[in-house]
Amino acid sequence: MAKVIGTVEIDSAKCKGCNLCVVACPTDVLSLRAKEVNDRGYHFAYAADPDKCIGCASCALVCPDACIEVYKVIIK
C-alpha cells in the first residue's frame, strides 16, 4: 500500500503569527517561534516536527495571508 507524506513550506517573512495554522494541524506539526520575530515584528509559524506531516493542507486552507504551501509525496 502506498504511503502519503507531506511537506510544509511557510513564508516566514509574510507570516503574522495568527496561530490559525497551528490550531488547524491535526498532527501537531506546526508551532510559533517564541523567541524569534520576522522583519514585520511577528512571531512566525514553522514546522516544529515536519516528519509528522500527512499533507492534509489544513494549515494552508486556514492561513489568511496565503503564507503556507503543502506538498504531498506518495511513496510506493
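This report describes the salt bridges and the cysteine pair of a predicted model.

The model is predicted, and local features need pLDDT of at least 70, side-chain atom pairs count only at pLDDT 80 or more, and totals for chains, interfaces and linings use all residues. Residues are numbered from 1 along each chain as its sequence is written, and side-chain values use heavy atoms, with hydrogens and water left out.

**Salt bridges**

A salt bridge is taken here as a side-chain nitrogen of Lys or Arg within 4 Å of a carboxyl oxygen of Asp or Glu. The structure contains three salt bridges, tabulated below with the computed distance for each pair.

| Lys16 | Asp65 | 3.7 Å |

In the salt bridge of Lys16 with Asp65, the closest N and O atoms are 3.7 Å apart. Lys16 belongs to the loop between β1 (3-10) and α1 (20-24), and Asp65 to the loop between α2 (58-62) and β4 (68-75), so this pair ties together parts that are 49 residues apart in sequence. Helices (H or I, at least four residues) and strands (E, at least two) are DSSP runs, numbered from the N terminus.

Solvent accessibility is classed as follows: buried means under 20% relative accessible area, exposed over 50%, and partly exposed in between (1.4 Å probe, protein chains only). Lys16 is partly exposed at 35%, and Asp65 is likewise partly exposed, with a relative accessibility of 28%.

**Cysteines**

With a disulfide defined as a pair of cysteine sulfur atoms within 2.5 Å, the count comes to zero disulfides. Cys63 takes part in no disulfide, and the nearest cysteine sulfur, that of Cys67, is 4.1 Å away. Seen from Cys67, the closest cysteine sulfur is in Cys63, and the separation of 4.1 Å is too far for a bond. Cys63 counts as buried at 16% relative accessibility, and Cys67 is buried with a relative accessible area of 5%.
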